[in-house]
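Welcome, and please get your viewer ready. We will walk through a few spots, selecting one after another.

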Amino acid sequence: MTKVITVKEDSKVLKEAAEKLAAGGLVAFPTETVYGLGANALNETAVANIFVAKGRPQDNPLIVHISDREMLEKVVRSIPERAERLMEAFWPGPLTMIFEKSEMVPITVTAGLNTVAVRMPSHPVALSLIQKSGVPVAAPSANLSGSPSTTRAEHVIADLSGKVDYIIDGGACQVGLESTVLDLTGEVPQILRPGGIGIEALQSVLGEVRYEPALKDSRQVPKSPGMKYRHYAPKAELFLVEASDRELIEQHLADYRQKGRKSGVLSCGGHYEADILLDCGQSAEDYARNLFDMLRKMDELGADVILAELPKDSGGIVPALKNRLLKAAGGQVLSQYVETKTERI
Ligand code: TXA
Ligand code: MG
């Protein structure tokens, strides 16, 4: 039985959920990025249950969520000076850092790696839940593996009801895309997954920061195990289009109409004759915040095929937004040209 609860961070019912979490249960909770599916990171059986509930591949490691520095010191072997500076600038917040792991972290969490991904979320309910549980919390995004991540409690209920002990409803997530995953174990810090903190912000603290090569070139094997899987995909077929290719979008919509396929468009402002038209909002931040909700909505409304406009601007959250769109679409970009002209990030 899954209990769905709505709480303020100081309420008694949150304490109950935190106790269940510490004792080996599964608790889905809001963070500023997406909802997480949490288990006591020090309890191997509980962690194994996350993989079962999500249908997650065993070789994909989890992020360990902490609420204070003491917890960080427990789960890592050492804290490099670069990490200190990043913590100062971006924690609590949507940045995950890769450290060498301590003996305490079971290899079920790290999928056999000797490194561990750690993040201190800024959402008050998340922080309070971790603090009240008193243990580091391993948590992937709270969706079925392969589906769009969850940014509202309704999404979590749809994917995980009956499979977890508690779902904490904290409303809509603010960022809407997952944290940036940054590897600090090499000479030059590398972004393994673009996310809530942009590369420019990281560079302003660290100097040199690079994207991991596989993010730009799909022929390379990604360093972050999770990046190799198809992800975030709606049930409908999804194609991406440059926002300026209005004619191309209209041509495709006419074709779908003729074939009797129910069409949807994620539009950055323009009006289209589609069966379902969803507006991506005024900015890339709006688009990011609503992306997973819009993909889920398209499925609920029965779209057969979705055309999503790529964001026009660059920088900040845009590389993360493009990364999720490209993954969700399995790389399918419609273009007037044979070669796609879309930058991967
Ligand atoms: O915003 C987020 O990061 C959310 C919320 C819940 O905090 N969590 C999240 O977790 O997105 P998940 O499991 O969906 O994605 C974790 C990513 C995966 O791509 C995984 O491969 C990578 O982090 N990762 C975890 N541990 C790693 C490690 N030791 N080395 C390299 N990549 C790692
Ligand atoms: Mg995920």
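Which residue with positive phi follows helix 7? Select Gly162: its phi is near 90°. Before moving on, note that this is a predicted model, in which local features need pLDDT of at least 70, side-chain atom pairs count only at pLDDT 80 or more, and totals for chains, interfaces and linings use all residues. Residues are numbered from 1 along each chain as its sequence is written, chains are lettered from A and ligands numbered from 1 in the order in which they are written, and side-chain values use heavy atoms, leaving out hydrogens and water.

**Stop 1: helix 7**

Now select residues 153–160, which form helix 7. Helices (H or I, at least four residues) and strands (E, at least two) are DSSP runs, numbered from the N terminus. Color Ala153, His155, Val156, Asp159 and Leu160, which are buried (under 20% relative accessible area; exposed means over 50% and partly exposed in between, with a 1.4 Å probe and protein chains only). Look down the axis: these buried residues fall within an arc of 155°, so they line one face of helix 7. The arc is taken from the directions from the helix axis to the C-beta atoms. On the face turned away from the buried side, find the exposed Glu154 and Ala158. To see what covers the buried residues, show strand 2 (27–29), strand 3 (36–40) and helix 2 (44–54), which are among the covering elements.

**Stop 2: helix 4**

Next, select residues 81–90, helix 4, where Ala83, Leu86, Met87 and Phe90 are buried. They cover an arc of only 105° around the axis, which puts them on the same side of helix 4. Their packing partners are helix 3 (69–75), strand 5 (95–100), strand 9 (180–183) and helix 8 (199–206).

**Stop 3: two helices crossing**

Show helix 1 (residues 12–22) with helix 6 (residues 124–133): they pack at about 55°, with axes 8 Å apart. Axes are lines fitted to C-alpha atoms, for helices over the stretch in contact, and angles run from 0 to 180 degrees between N-to-C directions. Residues of helix 1 including Leu14 and Leu21 take part in the meeting with helix 6, whose residues there include Val125 and Leu129; contact means heavy atoms within 4.5 Å.

**Stop 4: Lys312**

Finally, select Lys312, in the loop between strand 15 (305–310) and helix 12 (318–328). Lys312 is exposed, with a relative accessible area of 65%, and touches Ala243 and Cys268, not counting residues up to four places away in sequence.
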